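Please examine the structure below before reading on. The paragraphs that follow lead through its architecture step by step.

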Protein chains: 2
Amino acid sequence: MASIKDVAAEAGVSVATVSRVLNSHPSVSEEARTRVLAAVEALGYRPNAVARSLRTAQTRTLGLVISDVLNPYFTELARFVEEEARALGYSVIIGNADERPELQDHHIRTLIDRRIDGLLVSPADGGSPLMRDVALGGTPMVFVDRWIPGIDVPVVRADGTSAVKDLVAHLHGLGHRRLAIIAGPAATTTGNERVEAFREAMRGLGLALPDAYIGQGDFQAASGRRATERFLALAEPPEVVFAADNLMALGALDAIRARGLRVPDDIALAAFDDIPWFVHTDPPITAIAQPTADLARAAVRALADLIEGRTPQSVTLPARLVVRRSCGGAATNQRSDR
Amino acid sequence: MASIKDVAAEAGVSVATVSRVLNSHPSVSEEARTRVLAAVEALGYRPNAVARSLRTAQTRTLGLVISDVLNPYFTELARFVEEEARALGYSVIIGNADERPELQDHHIRTLIDRRIDGLLVSPADGGSPLMRDVALGGTPMVFVDRWIPGIDVPVVRADGTSAVKDLVAHLHGLGHRRLAIIAGPAATTTGNERVEAFREAMRGLGLALPDAYIGQGDFQAASGRRATERFLALAEPPEVVFAADNLMALGALDAIRARGLRVPDDIALAAFDDIPWFVHTDPPITAIAQPTADLARAAVRALADLIEGRTPQSVTLPARLVVRRSCGGAATNQRSDR
DNA sequence: ATCATCCGTGTAATCGATTCCATGGCGTCG
DNA sequence: CGACGCCATGGAATCGATTACACGGATGAT
């Protein structure tokens with residue numbers, strides 16, 4: 001592959017001049033510029049990003065470590081992150097942690113070794129020593145969706161408390177009193193917050209949330225199934241299951257079907273994170289929708305601010321309730337779904 | 001961030017020795033080795049992958065350019081690709097083309113500029129000049145899922161002809177005669193092959209595939225909706241719609257619902273590419289499943305073979321029919337789905 | 001006419017690794 | 001006892017870019 005030296009030779013100038021042309025430095029004669037450009041064209045020259053990065057100590061690359069690519073919420077987030085990053089002149093390297101802390105650490109380490117300019121993380125756990133070191137070590141970092149208390153970096157996330165309150169009120173209005181939740185891992189902020197918001201909203205309506213109605217999940221479908229099976233085996237099973245993410249809702253649906261029960265007639269179902277498929281499940285699932293595109297954009301901008309020396313802002317955007325048929329009641333008409 | 005020089009100074013040896021220790025070169029005294037390792041530990045040293053890549057002319061990185069991350073089939077593929085690549089000591093950088101050729105070219109260019117060791121591509125079109133140049137230019141390259149005729153690189157893909165035949169036989173057995181297909185872009189191999197397999201299978205049963213029953217889609221949901229609306233507006237609408245990918249099936253479902261029709265009673269639906277959500281849609285959707293994990297592994301191995309100087313193999317694996325309820329008939333019992 | 005300035009350009013240092021080659025010490029063999 | 005070879009090690013070149021610095025020539029001011 002042609003290098004800058006070859007271009008310089010072809011154009012009959014020094015490598016410095018070639019570099020100046022390529023970086024549109026003002027001090028280059030028109031004559032030299034055209035010669036260099038012609039040589040670049042002739043040789044099909046493309047600058048070596050590796051060499052450039054070594055010299056300039058920047059890669060124009062962002063690392064994005066997400067907890068689970070198979071979760072449509074994160075896939076969508078990743079897509080918008082890449083879009084915004086591209087608009088700002090950055091590339092994105094995605095690391096998929098599969099909700100496994102050690103895999104998360106592997107990706108963080110690999111990204112740091114590649115000297116990415118900044119890191120966008122949705123932590124799968126409460127924070128490894130590595131993550132703390134990286135944050136303290138000066139690598140620009142921003143948390144998105146989930147964050148880690150005690151690590152002082154900007155956080156871009158959605159606040160679901162108001163939407164959860166709306167959901168609980170909706171359920172209460174439909175006559176449901178025994179509400180259960182499948183929580184995410186306690187080590188994640190979203191795992192805790194959603195339970196707390198749920199409990200708080202129930203308390204506001206004079207309802208209790210017994211421990212037996214709190215299932216422990218890990219944001220994966222299988223855990224949603226297990227938790228739901230446990231609910232259904234109770235002497236007094238809940239009337240509603242609220243899954244803290246979409247994959248666990250899928251698992252819950254499995255478990256309910258396996259028991260031969262119907263949603264919403266026998267039991268109602270709702271989920272955190274809205275995804276296109278929820279419109280088409282049987283029945284369409286009531287969910288809490290996050291402003292994914294806005295979150296992605298805000299996160300990338302905060303990270304770019306950090307990298308480029310501006311002051312980044314933490315951002316919290318509201319999530320909102322999308323009522324469909326899975327909890328019964330009014331929104332029974334399919335047509336109104338979309 | 002500490003460099004190899006700092007480690008050398010701390011350990012009281014030369015950088016050459018540090019490098020030897022790090023690359024487990026045999027010619028290093030035990031004494032020196034422990035000193036270097038201690039210094040590495042003390043400084044928290046991590047080798048700079050950028051510098052290493054510049055020197056060794058390899059990045060231990062694979063580029064994966066897929067047509068659409070939001071399509072669960074590709075997401076899954078990407079996940080398994082990363083998994084296998086990691087097992088072989090490579091990282092993966094994903095480029096999402098969003099089914100847009102110019103975006104695909106952007107990512108290919110960026111990946112080449114970063115000097116990735118090899119490229120895995122599922123082309124969104126018939127092949128840009130850039131793609132040809134890259135293939136001819138000696139960058140190791142493997143096509144996965146889709147390929148481009150005339151570009152001589154290994155291809156790893158699923159063969160759906162037999163499964164499509166099974167599907168058509170299944171539909172025929174259920175009494176359906178008017179079968180329609182929503183095709184993918186003509187510029188993609190999967191776009192064409194699936195139509196051809198469908199047409200061929202129908203011919204085998206003495207059925208014709210009129211042009212009006214071939215909808216032109218682009219593998220995105222919206223195009224599936226449009227094509228289906230056109231089918232439903234025909235004087236004699238089809239009894240079955242077969243979508244060439246899962247997103248177009250989603251769009252078809254939308255269109256059918258919007259008309260107030262029911263699946264499978266009013267019209268049957270089937271799709272290429274099986275995904276977990278199809279179990280939970282209303283009704284569960286009959287689909288043709290690809291062996292995604294095996295495809296991903298085979299593709300990565302072929303690429304690694306190419307990179308490391310071994311002889312790569314093109315691989316074709318059979319897809320298989322998964323019957324659910326969306327075409328009516330026997331498989332009506334939900335329990336049997338899983 | 002003289003001197004300061006500015007512009008275009010080239011030379012060379014530099015980024016952080018890897019690796020070729022030279023060197024000195026030591027063991028072995030004739 | 002001398003020669004040879006091997007081993008551990010360091011010095012220095014190298015990868016492909018960017019960029020500080022130096023330099024010569026042209027231009028403008030006085």
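In this predicted model, strand 1 of chain B pairs with strand 3 (residues 118-121) of chain B in the parallel sense, over four bridges. Within this pairing, B:Leu64 has B:Leu120 of strand 3 as its bridge partner. Strand 1 of chain B is also joined to strand 2 of chain B by six bridges, and these two strands run parallel. Here B:Val65 stands opposite B:Gly95 of strand 2. Together with helix 5 of chain B, strands 1 and 2 of chain B form a right-handed β-α-β unit.

Is strand 1 of chain B buried or exposed? Six of its six residues (61-66) are buried, so strand 1 is largely enclosed by the rest of the structure. In a regular strand, side chains alternate between the two faces of the sheet. B:Thr61, B:Gly63 and B:Val65 point one way, while B:Leu62, B:Leu64 and B:Ile66 point the other way, and all are buried.

The description now turns to the partner chain. Chain B and chain A each bring 34 residues to their contact. On the side of chain B, helix 5 (72-87) and strand 2 (91-96) are among the elements that each supply at least two residues. By class, that side has 16 nonpolar, nine polar and nine charged residues.

Finally, there is the DNA. DNA strand C is surrounded by 28 residues, the closest being B:Ser3, B:Ile4, B:Ala16, B:Ser19 and B:Ala51. Elements giving two or more residues to this surface include helix 3 (30-43) of chain A and helix 4 of chain B. DNA strand D is likewise surrounded by 28 residues, with A:Ser3, A:Ile4, A:Ala16, A:Ser19 and A:Ala51 the closest.

Notes:
Residues are numbered from 1 along each chain as its sequence is written. Chains are lettered from A and ligands numbered from 1 in the order in which they are written. This is a predicted model: local features need pLDDT of at least 70, side-chain atom pairs count only at pLDDT 80 or more; totals for chains, interfaces and linings use all residues. Two residues are in contact if their C-beta atoms, placed from the backbone, lie within 7 Å. Ala, Val, Leu, Ile, Met, Phe, Trp, Tyr, Cys and Pro count as nonpolar, Asp, Glu, Lys and Arg as charged, and the others, Gly among them, as polar. A residue is near a molecule or strand if its C-beta atom, placed from the backbone, lies within 6 Å of it. A residue is buried if 20 or more other C-beta atoms lie within 10 Å of its own, exposed if 12 or fewer, and partly exposed in between; C-beta atoms are placed from the backbone. Two strands pair if DSSP finds at least two bridges between them. A crossover is right-handed if, with the strands pointing away from the viewer, the path from the first strand over the helix to the second runs clockwise.
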